[in-house]
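Trainee: I would like to learn how to read the pockets and the ligand in a structure. Please take me through one example.

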Amino acid sequence: MKLLEKLKIGDLELKNRLVMAPMTRSRANAQGEVNNLIVKYYVQRASAGLIITEAVNISEQAIGSPLTPGLYTREQITSWKKVTDAVHEANGLIFAQLWHTGRVGHSIDKKGVLPVSASAIAIEGQTHFTSQGPKEYETPRELTTEEVKQIIQDYKQAAINAKEAGFDGVELHSAFGYLPNQFLVDGANKRNDEFGGSIENRSRFVLEIMNALVEVFGKDKAGIKLSPSIPYNGMIDSDPTALFSYLISELNKLPLAYIQLMQPMFPIDAFPTWPKDVLTTFGHLFDKTIIVNGGYDQQKGEQELENNRAHLVSYGSAFIANPDLPKRFELNAELNTPDRNTMYGGGEKGFTDYPFLEQ
Ligand SMILES: Cc1cc2nc3c(=O)[nH]c(=O)nc-3n(C[C@H](O)[C@H](O)[C@H](O)COP(=O)(O)O)c2cc1C
């Protein structure tokens, strides 16, 4: 089975081709520090070829949801060190996913401060889950050019902190409508400076961040997650094929570890020109490692590898419910079903209590 074959990314040796997709679990403390239960959760899943952590806030401004971890205080860095040490001890590899939520947040959970974004455009037709229940999105404050440059520095500092915390690399969360994605799409970015307007300008924020991450971590240690055909969180672009073709071609010039591409996953009938299969549309533009994600099972994942369309497959909810997913694939064993009610927040239940196969 290709999924169980090794893969080298630079000097990192992945023991199989299953990646644990980044998943927010909202179990950090109010200061954004991770605890021993979170250490246990990641160690349980260390048989993945690579773990990508839940999204991690790069600054206080980046926070969009309560109880999500950070990598910008000394205590947060120290708390993550316990995770990386334990995962390495268990022979695993772990990247930190770096997160700035931009407009996907609410002042209720930001000490009364309005969320920021590329432009002052609110998400419509969705509500945000806050500590006081679901709320309408507010119109964010448009960032100044100076502030945009500062946020690129915040990403860089978070990468420095991730390195100190012992991570093997970092991934930029540039998917699913968060801040980098807000800069990319013309439905959310109406800026007049060098970060808005043309495709080149709208891609600048992401490319400058990726350059900064490479500067910190070096070759083959920085990845990026993209979701070109996902309209969630108001990510409407007039021409995603042109936008992401340019972006991915530029990313291909950098010594990145990988790009992680999400398949559509949401109905896109309203957007007939949007790519229906991200690998068909964009795969040929990137000649390094490609991780494919979104709705894959063992058989579909195996097929993508066999057809040389991707090098790795990332599994989200399957890894929540099956800490020993590679073993289950190997033995063709039955899978546990993820419980939707315990995905975000809480303690052990639905987090570290999913059963392993009998030894
Ligand atoms: C509980 C949960 C939390 C998630 N949080 C994140 C996140 O923090 N960052 C991210 O990039 N994707 C996040 N995702 C999306 C997953 O990484 C993945 O793209 C998605 O689940 C599709 O993969 P799957 O079909 O294998 O589950 C989350 C998904 C779930 C189920």
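What follows is a dialogue on the ligand, the pockets and the cavity.

Mentor: Keep in mind that this is a predicted model.

Trainee: Which polar side-chain or backbone atoms lie by an oxygen atom of the ligand?

Mentor: The general idea is to look for pairs of N or O atoms within 3.5 Å. In the side chain of Asn293, an N or O atom is 2.6 Å from a ligand oxygen. Lys225 has a polar side-chain atom 2.9 Å from an oxygen atom of the ligand. With Ser317 the polar atom belongs to the backbone, and its distance to a ligand oxygen is 2.9 Å.

Trainee: Which pocket holds the ligand?

Mentor: The ligand takes up space in the largest pocket. That pocket has a volume of about 1400 Å³. Its lining consists of 48 residues, with Pro22, Met23, Thr24, Phe176 and Tyr344 nearest the centre. The elements that each give two or more residues to this lining are β5 (94-99), β7 (127-130), β14 (312-315), α9 (317-321) and α10 (325-331). The largest share, 4 residues, is from β7. By class, the lining has 25 nonpolar, 19 polar and 4 charged residues.

Trainee: What is the volume of the second largest pocket?

Mentor: The second largest pocket has about 470 Å³. Of its 22 lining residues, Glu60, Ile63, Tyr72, Asp109 and Lys111 are the closest to its centre. The classes in this lining are 9 nonpolar, 8 polar and 5 charged.

Trainee: How many cavities of 30 Å³ or more does the structure hold?

Mentor: A pocket is open, whereas a probe placed in a cavity cannot get out. The structure holds 1 cavity of 30 Å³ or more. About 40 Å³ of space lies in the largest cavity. Among the residues that line it are Asn181, Ser227, Asp237 and Trp274. Its lining divides into 7 nonpolar, 2 polar and 1 charged residues.

Key
Residues are numbered from 1 along each chain as its sequence is written. This is a predicted model: local features need pLDDT of at least 70, side-chain atom pairs count only at pLDDT 80 or more; totals for chains, interfaces and linings use all residues. Side-chain values use heavy atoms; hydrogens and water are left out. A polar contact is a pair of N or O atoms within 3.5 Å; within protein, one must be able to donate a hydrogen and the other to accept it, and residues adjacent in sequence count only if both atoms are side-chain atoms. On a 1 Å grid over the protein atoms alone, a cavity is a set of points where a 1.4 Å probe fits but cannot get out, and a pocket is an open set with protein on both sides within 12 Å along at least five of seven lines; lining residues have an atom within 4 Å of a point. A molecule sits in a cavity or pocket if more than half of its atoms lie within 2 Å of its grid points. Grid points are joined across faces, edges and corners, and a volume is the space filled by probe spheres set on the points. Ala, Val, Leu, Ile, Met, Phe, Trp, Tyr, Cys and Pro count as nonpolar, Asp, Glu, Lys and Arg as charged, and the others, Gly among them, as polar.
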